[in-house]
Amino acid sequence: QVQLVESGGGLVQPGGSLRLSCVVSGSIFTIYTMGWYRQAPGKQRELVATITSGGSTSYVDSVKGRFTISRDNAKNTVVLQMNSLKPEDTAIYSCNAHRTLFSRVYDYWGQGTQVTVSS
């Protein structure tokens, strides 16, 4: 089965940087669009960034210019580089692997990693 394992969360001061990684196993990595979601306390889960198998990226407006999503297909890894972090970026960040095949949707999730931005 497909497994996603995240790493890289932690506590950082405003203006700092963190790098989140997600390693995928149990399936062919390149067939999935990969994404990072986040959920802050009391708020709905929010899609932060996605990257297709071909490398096309998209971002929620609040992180454009600060976050960068990338993938290494040889290492089955997707990375979210987060710069200029703000307190409002504090959330649990989760990695997602998404695929649609013959109208059937496949979604797999990591366990989540806490990101806290605070002085």
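This short tour goes from a disulfide to the strands around it.

The model is predicted, so local features need pLDDT of at least 70 and side-chain atom pairs count only at pLDDT 80 or more, while totals for chains, interfaces and linings use all residues. Residues are numbered from 1 along each chain as its sequence is written, and side-chain values use heavy atoms, with hydrogens and water left out.

**Stop one: the disulfide**

Select Cys 22 and Cys 95: a disulfide joins them, with 2.2 Å from S to S. A disulfide here is a pair of cysteine sulfur atoms within 2.5 Å. The search of the whole structure finds 1 disulfide. Turn the view to look along the S-S bond: the angle about it is -85°, and the link is left-handed. Cys 22 sits in strand E3 (residues 18–25) and Cys 95 in strand E9 (residues 91–101), so the pair ties together parts 73 residues apart in sequence. Strands (E, at least two residues) are DSSP runs, numbered from the N terminus.

Now show the surface. Cys 22 is buried, at 0% relative accessible area, and Cys 95 is buried at 0% too. Buried means under 20% relative accessible area, using a 1.4 Å probe and protein chains only.

**Stop two: strand E8**

Next, select residues 77–82, which make up strand E8; 5 of its 6 residues are buried. E3 and E8 run antiparallel, joined by 6 bridges. Two strands pair if DSSP finds at least two bridges between them. Pick Ser 21 to find its bridge partner in E8, Val 79.

**Stop three: the hairpin**

E7 and E8 form a hairpin with 4 residues between them. Finish at Asn 76 in the turn, where phi is positive, about 55°.

Technical notes. Buried < 20%, exposed > 50% of the residue type's maximum accessible area, 1.4 Å probe, protein only.
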